[in-house]
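Welcome! Please take a moment to look at the sequence and the 3D structure before reading on.

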Amino acid sequence: MIARSTVSPALKIGLRLLGVWPGLAHSTVYLLIFMSSILIIQYFQYLYVLEHFEISELSNLVDGLSLTLDYSLSFLKLSSLWIHRRVFHTILTAMDDDWRKCINMDQHLTMMTVKANISHFYSNAMLSFNGVAAVLYVLSDYVIRFVYSSKDYNNTLRQLPIKVLLPFETEQSPIFEILVVILFLHVILISLTVAAINGLIFTLVLHVSGQIDIICQEFRNISKNAFSYRSSAFNLGMLIERHNKVYAFSENIEKLFSFIALMQVVCKTLVICCLGFIIIISVHNETDVFVFTKAILAYFAVMIECFIICFAGEYLSLKSKLIADAAYESLWYDMPPNQGKIISFMIMRSQRRLSITAGKMMDMSFEALTNIMKASASYVSVLHAMY
C-alpha cells in the first residue's frame with residue numbers, strides 16, 4: 001500500500017485523542033479534561049515532594065521528583081500545542097498540499113513515500129516502546145515485591161504506582177485497587193502522549209527532508225536541461241516556490257516546538273540527574289532492586305526522548321545544507337544570465353541553516369545532547385556527595 005501522508009495512522013489517532021488534530025468535534029473539551037487530570041495528579045505529586053523535602057529523605061524525594069517533572073513537562077507540551085494550534089493546522093495543510101503536488105510526478109512521489117514509510121515505522125516504534133516501558137515501569141514494583149515476598153522483606157506497606165500524597169487513607173480495599181488502576185492508566189496515557197509528540201517532531205522533519213530531496217533532484221534535472229531555456233525557466237520557477245515553502249514550513253516547526261524544546265532541555269536535565277542518582281544509590285542495595293529496575297527503564301526512555309528531538313534538529317540542519325550544495329553543483333554558468341543570478345540568490349539564501357532551537361537560545365543538535373548529559377552528570381555528583 002502506497003503511503004499518502006507522512007503522518008502514520010497510529011500517530012493520527014493519538015493526536016485525535018489528545019484533541020489537537022483539526023476538524024475534531026469538541027477537541028478543546030477533550031484536551032482540557034486530560035490536562036485537568038494532569039493538574040490534579042500534579043497537585044498531589046508536589047505535595048509528596050514538599051513532604052519529603054529533606055536531606056534525610058533524599059532518595060524518596062528524587063524518586064518522586066523524576067516522574068513529577070515528567071508530568072509537568074507533558075502538561076507544558078500540551079499547553080504549547082494548544083496555544084500554537086493554528087500553526088499546527090497550517091503545517092498539516094501545507095503537508096497535504098505537498099502530497100497533492102507529488103501525485104502526478106512518480107519520482108517525487110517515490111521520494112515522499114520512502115520518507116513516509118520511515119516516518120510510519122519510527123512513529124509506531126516510539127508509541128510501542130513508550131507503552132511497553134510505561135507498563136514495565138509501573139508493574140516492576142509489584143512484580144519484584146512478589147518475588148521478594150518469600151524472603152525477609154518486611155515492607156508490607158501497599159504502595160501506589162507513582163509517588164503521591166493523598167489526603168485520605170489509600171491502603172484499604174477497594175480504594176487502593178481503584179487508585180492503582182486509575183494511576184496505572186494515567187501513566188500509560190502520559191507515556192503515549194510523550195511518544196505522540198516525539199513522533200510528530202520526527203514526522204515533520206522527515207517531511208521537510210523529503211521536500212529538500214525533491215529540490216535537490218530538480219537542480220540535477222535543470223543541469224540536464226541547461227540548454228533548454230523554456231524547460232529550465234519553468235523548473236526554476238517551481239524550485240523557487242518549493243524553496244520558499246520549505247523555509248516557511250521549517251519556520252512553523254520552529255514556532256511549534258521552540259518552547260517545547262526549551263522545557264525539555266530544562267526538565268530532562270533534572271530528570272536524568274534524578275534517575276542517575278537513584279541508579280547509583282540502588283546499585284549496592286539488594287532490597288532496592290525494584291527501584292533500580294524502574295530507574296533503568298525510565299532512564300532509557302528519557303534518553304531516547306532527548307535523542308529524538310536533538311537528532312531531529314541535527315538532521316534538519318544537515319539536510320538544509322544540501323540545497324546550497326545541489327544549487328552550486330548545477331550548471332548555472334551555462335544558463336542564461338537572468339537564470340544564473342536567480343540560482344546565485346538561492347545559494348545565498350540557503351546559507352541560512354534550518355534548525356530547531358530551544359527557546360531561540362540554543363540549537364537542538366548532538367552537541368546539545370552531550371551538554372545535557374554533562375550537566376546531568378555534574379548534578380548527580382553533587383547529589384551523591386550530599387547523600
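This is a predicted model: local features need pLDDT of at least 70, side-chain atom pairs count only at pLDDT 80 or more; totals for chains, interfaces and linings use all residues.

## A serine before helix 1

Let's begin with Ser 8, which is found in the segment before helix 1 (9-18). Ser 8 is buried, as its relative accessible area is 0%. A polar atom of the Ser 8 side chain lies 3.1 Å from the backbone nitrogen of Leu 11. Leaving aside residues up to four places away in sequence, Ser 8 touches His 120, Ser 123 and Asn 124.

## Pairs of rings

The structure holds ten aromatic pairs. One of them joins Trp 21 and Phe 88 edge-to-face, with 6.3 Å from centre to centre and 75° between the planes. Trp 21 lies in the loop between helix 1 and helix 2 (27-51) and Phe 88 in helix 4 (residues 85-102), so this pair ties together parts that are 67 residues apart in sequence. Trp 21 counts as buried at 11% relative accessibility, and Phe 88 is buried with a relative accessible area of 2%.

Phe 202 and Phe 311 form a stacked pair, 6.0 Å centre to centre and with 25° between the planes. Because Phe 202 lies in helix 6 (residues 175-224) and Phe 311 in helix 8 (residues 289-329), the pair ties together parts 109 residues apart in sequence. Phe 202 is buried, at 10%, whereas Phe 311 is partly exposed, at 27% relative accessibility. Ring pairs also link Phe 202 and Phe 311 into a cluster with other residues, including Phe 121, Tyr 122 and Phe 366.

## Arginines over rings

Where do you find Arg 85? Arg 85 lies over the face of Trp 82, at 4.3 Å from the ring centre. The charged end of Arg 349 sits over the ring of Tyr 247, 4.6 Å from its centre.

How values were computed:
Residues are numbered from 1 along each chain as its sequence is written. Side-chain values use heavy atoms; hydrogens and water are left out. Helices (H or I, at least four residues) and strands (E, at least two) are DSSP runs, numbered from the N terminus. Buried means under 20% relative accessible area, exposed over 50%, partly exposed in between (1.4 Å probe, protein chains only). A polar contact is a pair of N or O atoms within 3.5 Å; within protein, one must be able to donate a hydrogen and the other to accept it, and residues adjacent in sequence count only if both atoms are side-chain atoms. Contact means heavy atoms within 4.5 Å. Rings of Phe, Tyr and Trp (its six-membered ring) pair if their centres lie within 6.5 Å; planes under 30 degrees apart count as stacked, over 60 as edge-to-face and the rest as tilted. A charge sits over a ring if NZ of Lys or CZ of Arg is within 6 Å of the ring centre and within 35 degrees of the ring normal.
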